[in-house]
Amino acid sequence: MTSPLKIWHPFTHRWLDPAPIPVAKAEGAFLYTADGRRIIDAISSWWVNLHGHAHPRIAAAIAAQAHKLEHVILAGFTQEAAEELAERLRPWVAPALQHLFFSDDGSTAVEVALKLAVQYFQNLEQPEKCEIVALEHGYHGDTAGAMSVSDDSPFTEPFRCLRFPVHRAHSAYCYRCPVGKKPETCQIECVQHLESLLAERGSQIAAVIVEPLLQGAGGMIVHPVEFLKRVRALTARHDVLLIADEVLTGFGRTGKMFACDLANIAPDLMCISKGVTGGFLPMGVTLSTDRVEAAFCSENRLHTFYHGHSYTGNALACAAANANLQIFEDEPVFDRIATIARIHGQRLVELRSMPQVGDVRQIGTVAAIELRADDPGYLSALRPKLYGFFLDRGVLLRPLGNVVYVLPPYIIEPDDLHRVYDVIIETIETLL
Ligand SMILES: Cc1ncc(COP(=O)(O)O)c(C=O)c1O
């Protein structure tokens, strides 16, 4: 008998990491393993799940759509589920954003935004405006363009030769302030780095890409709202497009539907994914203003955006996204978000006073605890110990090196969220 192919797991070393755990089913905030364990999914399965696993309304919407139209090419055709999604998203996104372009996931939504920004200036006969600025500690995905705008990390290390050069501006990482300020005296001086870059090279720069207010994989770094406002003002002043990568922050994660809403700003391009389908199916969307889209409509065919993926605008994913947005309308989703935010706030006070804890951060439903470590960063020796210890106690948390973060589905019960914190405290007291 031949043996089956072996699944090559993402972000996993076959010898050094523990063997993957078979999951038989999932419901609400819980994963049920084939060997009978129940695990709290405290990271929403890589930040995608919003209303709980196997949510019956999303499952039913996908099934109904599959019996009608599973997929159709979106070039030259359109379909009801995609049109409905365009309509349903309308009230949630800034009025300035008028167009949406489908892709497959967060990375491709970012690729689309970068390409749109560059071609926008090309179409306007300003080809010299083709450079990109991104932030220190940024993460935008794993495809080549998304890796280029992401900051250097163990994820990008082997691919130096594939990444195109970008300008890297300071991030507002207050705990490790890049300009040596303390919160009491901070006047967002870190943004001056971007300001000088744009003043010097603005005529060559097409876009600045940011993860608005929350840099995820770079360490769950929360920025002051004022930082994002200043970035918006600077990009507008220098005729540079602002790309807001809301792949993680979208759909209520930060307390508002989108992080940009907290700063009352509208970007020129916005990337969404992850929560868009409630965590059921992959989908990427890049939203753009009229001004950007208009540059792609002229007598010249070469002004067309020649980009598209086979599954662009997939009808099943659109049906899941429509059901997700219907849940936002029908259920008290923002009350659940507020409850999570309140519990995070309470428990972080406790954690902040522990000597092993360097910093705590929170924005909406996302809480992070940066532990003191001799080797801070993604490859910190603490990480595998913490991960195993949490799992042994029935909690799925995937620390980013020495940063433990909690990012639960909105449906999590308060007692279960408290349990996650009890386990984190027990782990810190035992291991550090
Ligand atoms: C801010 C941000 N952008 C882009 C991505 C890439 O998304 P995907 O993994 O769906 O390609 C991620 C993934 O974590 C992300 O956090």
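**Close-up views of cysteines and helices**

**View 1. C190 is buried, with a relative accessible area of 8%.** Here, buried means under 20% relative accessible area, exposed means over 50%, and partly exposed lies in between (1.4 Å probe, protein chains only). The model is predicted, so local features need pLDDT of at least 70 and side-chain atom pairs count only at pLDDT 80 or more, while totals for chains, interfaces and linings use all residues. Residues are numbered from 1 along each chain as its sequence is written, and side-chain values use heavy atoms, leaving out hydrogens and water. Look for the closest cysteine sulfur to that of C190 and you'll land on C177, 6.1 Å away and too far for a bond.

**View 2. C260 is another buried cysteine, with a relative accessible area of 2%.** How many disulfides does a search of the whole structure find? Zero, taking a disulfide as a pair of cysteine sulfur atoms within 2.5 Å.

**View 3. C297 sits in the loop between α9 (290–294) and α10.** This cysteine is exposed, with a relative accessible area of 52%. Follow the chain from C297 to N123 and you cover 174 residues, yet their C-alpha atoms are 9.3 Å apart in space.

**View 4. Helix α3 (residues 80–89) packs with helix α10 (residues 315–330).** Helices (H or I, at least four residues) and strands (E, at least two) are DSSP runs, numbered from the N terminus. The axes of α3 and α10 are 8 Å apart, at an angle of about 30 degrees. That makes α3 and α10 roughly parallel to each other (under 35 degrees; over 145 is roughly antiparallel, 65 to 115 roughly perpendicular, the rest oblique). On the α3 side, the contact (heavy atoms within 4.5 Å) is made by A81, A82, E84, L85, R88 and L89. From α10 come A315, C318, A319, A321, N322, L325, Q326 and E329.

**View 5. Helix α12 (residues 382–392) has a set of buried residues.** Which residues are buried in α12? They are L382, R383, L386, Y387, F389, F390 and L391. Strands β3 (38–41), β14 (366–371), β15 (395–396) and β16 (403–406) are among the elements that cover them, and so is helix α13 (414–431). Just after α12 comes G394, which takes a positive phi of about 80 degrees.

Key. Axes fitted to C-alpha atoms, helices over the stretch in contact; angles between N-to-C directions.
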